[in-house]
Amino acid sequence: MSTQGEPIGTGDSLLQSPGQGNGSARVKQISPGHVRKLGLTRKLRDRRNFKEDENPAEKARRHKELELKPLYKELLYTIAHKLGNPSAAEVFTDEQLHQYVKEAFTMTETEHSSLMEKVQNTEPPVYCLMATVKEAKEILGKDISGFSDPYCLLTILEDEKERRTRRSRAKARKSVVKDAVSEDKIYQSDVKKQTLNPVWNQTFILEFEEIVGASFHLEMWDKDEEISLTQKLEEIKSNFNSLRRMIKDAKKEKGTDDFLGKVVLKLQDLHCTEDNWYTLEPRTETYPNRGTCHLNLKFIHKSRDGTLSAGRSAYINYCGTLQQFVQACISKQQSSAPWTGALCGEAQTMLELYATQNDLSPFLQDLAKWVTYSKLYKSLEVDSSVLFQQLTSIEYHWHQQELPYQQKQELGDSLHDFLQYGLCLVAKYRDIFPPIPTATPKLHTLLRILIQICKTQAFQKLNPAQFDLQDEVNDAIQTGTQDWFTIVKGLHQPMTKDLSEIVSALASLIREVQEDVKHNKDVWNRVFVSAVQVDAFTVVYKKLDSLLAKEVKATLTLMEGRMEQDLANSLFPVYLSLQAVHKDKAFLQTRGVLELTTFEEHFRAALPYWLSQAFSTTQDRVARAVQVDQLQPLHSDAVPIKHSSSAVDLVACIQPICQLWEQLSWPDPEEAFMLMVKLTEDVCKIVVNYCRILKERVRVLSATSDHCGAINMLCVVVNDLEHLRSVLTRLPTQLNWTGLRNRTENVIKEAQFNNTLPSQLWQAQNILDREIRSALDTLGKKLNTDIETHVRSMSTRRRIPSKSTEDAVAPLMRYLEQELHYMNENLVQENFSSLLTPLWNNSVRILHHVAAQHPQQQGLEVFCQRLLYTLQCLEQCFHADGNGLPLHTLHSEKYKDLKSHLTHHALNSRQLMEKFFEREIWEQNVYSGEKYGAVTLLASYRRSDQRLRVEVLNAVNLLPMDSNGSSDPFVQLCLEPKHVFPEVESRCTQVKSCDLNPLFDEVFEFLVSLDQCRSPGACLVVSVLDHAVLMSDDFEGEAFLGLKAIPGVAGGREGDPLSRQPDAIPAQIRLPLMHPKPNEDGILSLLESRKGEREAQNLVKKRRQREKQSQERSQP
């Protein structure tokens, strides 16, 4: 195919600079060799048309004439020659567009008519369709190889007449485009070799006169080129499927291209800009699926009238129009919310028509929006998301398309100017973005915009100088902090040179700084850290630390040598505020030397005045509290309060002194120790003084009270002192002595520390303890006297037969219950316990004394029973089921002696003997060692015939009792006590001569009942004796075997089913021999005193004889 019908315009892109759209010369793109001065070009241009000294009315008139009216004519021209349908969903008529533009530009009807007439007299533009053929996919393969060599033909058919003329020719043509229009109106793309998915990206400008009836035609053809026979044979060899294509190709006329498909679009149906995939339509139904083609279509103007806007570029006009539309939109906005970037449908339509007709690329449109919105952001409420969107679009287009040099300069200036403006806002963030929920998000968004600007490739390329946003934000914060401090300092300048007014001004300044530090820490710092990773709190704190330290030093220097109480009092709030500011250093991310670290040194002269003021104030408050105290318990619905109002007031009065220590937080350890000594001394003085004036108050009130009222007030005083003692006990914790000790361990020795502070507290506590004991002794004296009276009255000998024990004790218990109940209600638990302990000890002493004064044996048993019952009742009363004194306090040694004495004297002789043998059994069980040898038995009890069987097996390690170093031992078995076994005789084994380890093997049986064996104290006394011929037998040792431990005794009683069980197996028992200790048994002494009882005297005689034979010696 020949090269006939080559397109008028070909190439990759026909994008023109804004200057070319108005016929001006194209700006040559040059790259400056040095760093340009940002914003200089635009500033000079802005100052070109307006005078600075013009009045506002004249300036507005000139602006309308020189700026608005040219833009207005451009828009009227755009409406008059609009092409295509806008992309907006709503379609607007020309009248609606005229009305909107007139309102947006504030034109009168006269001005509108005049400008409309001028526009109608201008030359119309040349209507064009800019068609960009981008690519095609899955087209037909027409060549033998299965591929095609596609190219496209493009044209616009404007009427049906020419096409009818073509169709009326004798021979029909396959090519609609070639046959319908002249070749000079046909545009052809490049040929893409051997592909089914060609890519062109070629742009063509197709002119037309009228859009009505015109249609866009695109035909895709396969380029047919001649090839050699050899090449065709090679293709056949490689692919037999190509034979069919070859035969078909041979039939085809030489030089004829193959039709691949077409796209036909009516211009009236197109939008201003189209970017779509279109299906390639066939001429017949032979191959219906011919693939798709990607086209970009846009209606543009050529040769627009250049007189409308005085030769300004379309880009400049677009910027001005956009700015005017946005201002009009914001002015009509009903709410006060920021503008979110949404324009009305008329504005969007006008901007789209103007940009399309003037062939403004999307890049230039987004650039214009960025420039416009960033300017409006400085004066109007514009939502930051609008700027974000434009920055994102610019960054996208920057990689896709090249900007003209002038617009590059403008973009660089705009980004840099907005960056500087944003940093100015950052410097004033305290005023512009106050710490409220609605303002801080705006600061966060602004910082994100600044970050986005710095990240864009456009900013980095157009601003080659190094720019670190974090450093710039840091500098802006410091500068803003300096300016803010200067302003605040000026607002709080003292009006005179009076020192109190100077201190007041300094206090106000520090409070402002304290609040600012708090807001920076809690609010603004989070914004800066999350947005730009700048620790704004650290920057602000260090700057304010330096500024405030200089101010404090300069102010307090004026007061050197002029300190007095009033001035010191006014300095205390200043000290606290400075301390609060200084404590915030804990939140610094980076530590360093701070100038406020030693700010306490400036207040050293005022410290003694502060301590004196705190002490005198507390003393006065305590005195007033005692003066109004009626010494009555406070009433509370929830918890009973047993101390008076002055005790509560005293705690509240002491608390400020403890708070003073925390507030001062004096840094120097040695001085802090001296300060603690002074504070502790003051607290102790206040406590001692309170005791003094409280006693005086009791004396005054008791003079007019009865006895019960005086007792009640005395109880309240004791409770007050106890409450105060608990306060003193907690004082080391409240003042944190442990922390002070850790701080001063390198400067204060431990001995000095412990000898100073604890001794002060110990002295005060001793005074309190002495006063509490004195008051409790006063309360206890009357109780002790009454208890002794009741006990003596109850235990008189003449009343013993007349009353039962319970009736005799009842008056004493009623009295105690009444008095102790009263004391429990009126004393706190600590004092009540302190009162109970001496009262109990005195009660035990009284009972012991009364028990010891009974001289006669007659009636002693009943007398001791009554006293023992009294002791038990008193124990229950004072213990009160665990609510009174604990058992370990009640069971003192005196109590144990008294209880043992009364218990034994309350028993009859047989009971005492049973107690004696029970004790001997217990001693046998706990006795260890075989000092006097041992005896082995085999014992059991047969219930079948009620016999106790004892087999004496042997004895070992006996003492040599004879002069030859040996013994003649035998064993005596005796059942005790005698009143339990009156008819049972003792039994003896045979004598084994000269043997210290005799073997007996003798069996003895005792006929005794099971109840006898289970009697209290029932035991088998095993005595080992040395046989003597002329003298009495010598005592080798004895052992006590409780009958209850013998197999067969324990278990059911006689007659029970358990008693009919088989006899128990005998148990072998080894018993160590013991010797009694002389004169150490109180039971024997008591039995010995009962002369008229024969059984008791026989037992005493026998045991005394054994004591004489014992080799044990009584302990001294």
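Q: Which residues have the most contacts inside the largest nonpolar core?
A: A nonpolar core is a set of buried Ala, Val, Leu, Ile, Met, Phe, Trp, Tyr and Cys residues joined through side-chain atoms within 4.5 Å. Buried means under 20% relative accessible area, with a 1.4 Å probe and protein chains only. Here the largest such core has 217 residues, and those with the most contacts inside it are Phe105, Trp370, Leu411, Ile477, Phe528 and Trp610. Its largest share, 16 residues, comes from helix H23 (residues 669-702). A second, separate core has 35 residues, including Val935, Ala939, Leu1041 and Val1049.

Q: What limits apply to these values?
A: The model is predicted: local features need pLDDT of at least 70, side-chain atom pairs count only at pLDDT 80 or more, and totals for chains, interfaces and linings use all residues. Residues are numbered from 1 along each chain as its sequence is written, and side-chain values use heavy atoms, leaving out hydrogens and water.

Q: Why is strand E9 largely enclosed by the rest of the structure?
A: Helices (H or I, at least four residues) and strands (E, at least two) are DSSP runs, numbered from the N terminus. Strand E9 covers residues 934-942, and eight of its nine residues are buried, so E9 is largely enclosed.

Q: Which residue stands opposite Leu938 in E10?
A: Two strands pair if DSSP finds at least two bridges between them. E9 pairs with strand E10 (residues 947-956) in the antiparallel sense over nine bridges, and Glu951 stands opposite Leu938. The two strands form a hairpin with four residues between them, where Gln946 in the turn has a positive phi of about 55°.

Q: Which residue in E16 is the bridge partner of Leu938?
A: E9 also pairs with strand E16 (residues 1067-1072), in the antiparallel sense over six bridges. There, the partner of Leu938 is Gln1068.

How values were computed
Buried means under 20% relative accessible area, exposed over 50%, partly exposed in between (1.4 Å probe, protein chains only).
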